[in-house]
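I opened the notebook to look up a few things in this structure. The entries follow.

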Amino acid sequence: MSTNALLLQILTGLSRAAILFIVAAGLSLVFGAMRIVNIAHGSFYMLGAFLAVTVAGAVAGPFGFVAALVVAPLIVAVVGGVIEVSALRRLYGKEHLLQLLATFAVLLVLHDAVRWFYGERPRSLRAPEFARGSVDLAGTIYPRYGLFIIVAALLIAGGLWALMSRTGLGRDIRAAVSDPEMLGMVGVDVRRLFTIVFMLGAALGGIGGVLAAPQTTLLLGMDVDIIVQSFAVVIIGGLGSLLGTAVGAVLVGVTFALGIVWFPSAAMAIVFLVMVAVLVVRPTGLFGIPEA
Amino acid sequence: MSTTTTPTRRRSRRPSLATPDWMRPRTGWTAAAVIAVAAPWLVDERQVFVLMMVLILAVFATSYNILLGNTGMVSFAHASYYGVGAYAVTLSALHLGWSPLLGMALAPVAAGALGYLTGLVALRATRLYFALLTLAIGQLMYVVMFQWRTFTRGDDGIHGLRLPDVLGPTLNRYYFLLLLAALAIAIMGVAMRSPFGATLRAIRENRDRAGFLGIKVKRYELAAFTLGSAFAGWAGGMYAIFDRGSFPLLLHWTTSAEPIFVTLIGGMNSFAGPVVGAVIFGLLRDYVTRNFVYWGVVLGLVLLTLILFLPGGTVEGLKRLWARFTGGPPPEGDPAAPDHPGVDEPAPASRGGVR
């Protein structure tokens with residue numbers, strides 16, 4: 001493979017990693033603070049993507065995509081909040097199994113809800129005008145939109161880092177990761193904090209969906225596809241670690257993009273092999289926190 | 001005054017010395033057997049296929065409950081062994097020209113062997129990370145089955161399996177599957193009533209304490225995983241005969257959710273739970289999918305309701321109703337730990353926690 005083709009493939013892998021990072025960061029954030037593995041997280045991604053089509057259609061013109069990028073994740077966050085308050089909240093402190101199954105039940109409901117509202121027809125969304133076409137990177141022609149989502153992911157990563165390390169909310173979340181009971185004792189409303197964290201996680205899933213929409217065809221199975229890949233990311237990187245999520249996303253994205261060149265039919269199998277290998281050597285992932 | 005009623009009176013079913021445990025009459029199972037034999041005569045032919053699916057689900061879910069309810073392990077790879085069982089029948093017929101009956105004998109062996117090998121890897125982790133590792137292993141097996149076109153025909157699946165003439169008529173096929181289901185459930189029942197089963201439940205109750213008692217926890221977990229996989233393969237073999245084919249989706253991790261749902265509906269804390277759940281799940285799915293497209297919405301809401309209000313499933317609900325009716329004490333073994341809002345404790349080491 002020529003250097004140019006290799007570079008192109010790595011860039012493709014990185015733009016895939018960008019989406020994976022945004023979505024998996026939401027999954028990881030919720031797990032870190034609440035110790036809930038949210039199987040329904042992929043549904044937030046799918047919901048975000050389909051809502052983006054609706055919003056961008058309603059707000060015609062150059063600002064359609066920007067409007068979608070703001071409005072769709074907000075709606076997804078509200079849906080997440082409703083789910084947290086009505087169902088998940090009752091399950092904290094109970095068995096992990098029940099929490100896992102509850103989020104699985106939510107996945108089923110949201111999947112069919114999207115089918116109900118949008119039907120079986122695949123949808124698509126055009127990239128915003130400022131990110132159409134391609135750019136020439138030292139001889140490698142690369143779609144401008146791919147660069148746009150890589151930049152977006154970097155901005156979100158920076159924003160999340162600032163949120164966690166520079167704000168009161170981030171301090172509370174970090175405290176919840178280590179000891180929610182103690183956090184409650186010092187007067188923080190842990191219930192409310194968990195709702196906020198869950199909404200934030202859902203919004204990240206929604207943003208990932210909106211950003212992924214112009215690159216893919218929107219199909220009903222996309223919720224299950226992305227959740228398996230996000231699991232691969234957070235498992236390799238380690239649940240609950242932002243840095244681990246970034247490393248995992250790059251590993252999975254680039255492995256897949258390169259794998260598809262050399263072993264077209266086995267690319268996903270290679271990703272899962274990497275995942276099994278990491279877990280066998282380091283059962284909590286590269287940067288993960290061991291389960292209490 | 002009120003102290004005269006003691007809860008000890010419900011301990012009347014003590015095993016007596018005269019009849020060994022396995023020979024005592026079991027009213028519920030006898031009734032179930034009578035209904036299962038009579039059922040195909042009471043419904044039309046299409047519904048007989050629904051009943052066959054119930055039989056398969058009953059075996060599949062009971063095999064899963066060896067892990068879930070008895071040992072307290074959550075696995076997302078269970079569908080892989082189910083799928084491998086189905087492919088054992090179709091692939092041995094396709095490449096070796098074996099009869100499906102011989103393939104049916106191969107199914108639990110192949111799935112059990114694969115379960116043992118993958119279990120060795122998966123059991124390096126515990127609890128939540130074990131569950132996630134099984135997800136990775138299961139998906140790996142799914143992708144292999146999906147992509148290895150020359151051997152498995154990939155996405156198309158294998159269809160049109162030739163059955164022996166005797167299995168051609170629907171009724172014959174039903175009774176053959178009923179026989180297989182009864183045999184599988186009987187063997188699993190004996191295993192779970194044995195000291196082996198009791199040891200698994202000790203591990204579920206408290207893994208650490210079981211270890212302190214000298215139980216080789218990992219070895220027992222691997223044995224449970226292998227046994228569960230073998231009978232998942234058994235159920236998969238039944239599926240291949242039922243559907244006369246196999247396809248990769250049988251191995252997908254979302255298929256692993258089916259026995260979990262079935263078990264949750266029936267009740268994971270009793271051996272009969274998955275069987276009861278299979279009947280409810282199978283009939284409900286048939287009814288809903290024929291009358292209302294959105295099965296996922298119905299199933300999801302039913303599950304959420306059960307998880308929130310009756311985590312012990314139908315069997316426990318019936319026991320509670322019975323206790324209220326007869327004025328006896330409520331059933332023990334309510335898996336719902338006390339609610340501590342907003343506080344995440346270390347997982348209560350009770351039944352079914354992810355490990």
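pLDDT is the predictor's confidence in each residue, from 0 to 100. Helices (H or I, at least four residues) and strands (E, at least two) are DSSP runs, numbered from the N terminus.

I noted the conventions. Residues are numbered from 1 along each chain as its sequence is written, and chains are lettered from A and ligands numbered from 1 in the order in which they are written.

Entry on chain B. I found a mean pLDDT of 83 for chain B, with 85% of its residues at 70 or more. Confidence in chain B is lowest in helix H6 (residues 149-152), at a mean of 82, and highest in helix H10 (residues 217-243), at 95.

I then checked two stretches. Over residues 1-12 of chain B pLDDT stays under 50, and the model has five contacts (heavy atoms within 4.5 Å) beyond four places in sequence for them. Residues 333-355 of chain B also stay under 50, with 73 such contacts. Where pLDDT is low, the predicted coordinates should not be read in detail.

Entry on Phe65(A). Is Phe65(A) buried or exposed? Phe65(A) lies in helix H3 (residues 64-86) of chain A. Phe65(A) is buried because its relative accessible area is 5%, and buried means under 20%, exposed over 50%, partly exposed in between (1.4 Å probe, protein chains only). Leaving out residues up to four places away in sequence, Phe65(A) touches several residues, including Leu125(A), Tyr145(A) and Pro214(A).

Definitions and conventions
This is a predicted model: local features need pLDDT of at least 70, side-chain atom pairs count only at pLDDT 80 or more; totals for chains, interfaces and linings use all residues. Side-chain values use heavy atoms; hydrogens and water are left out.
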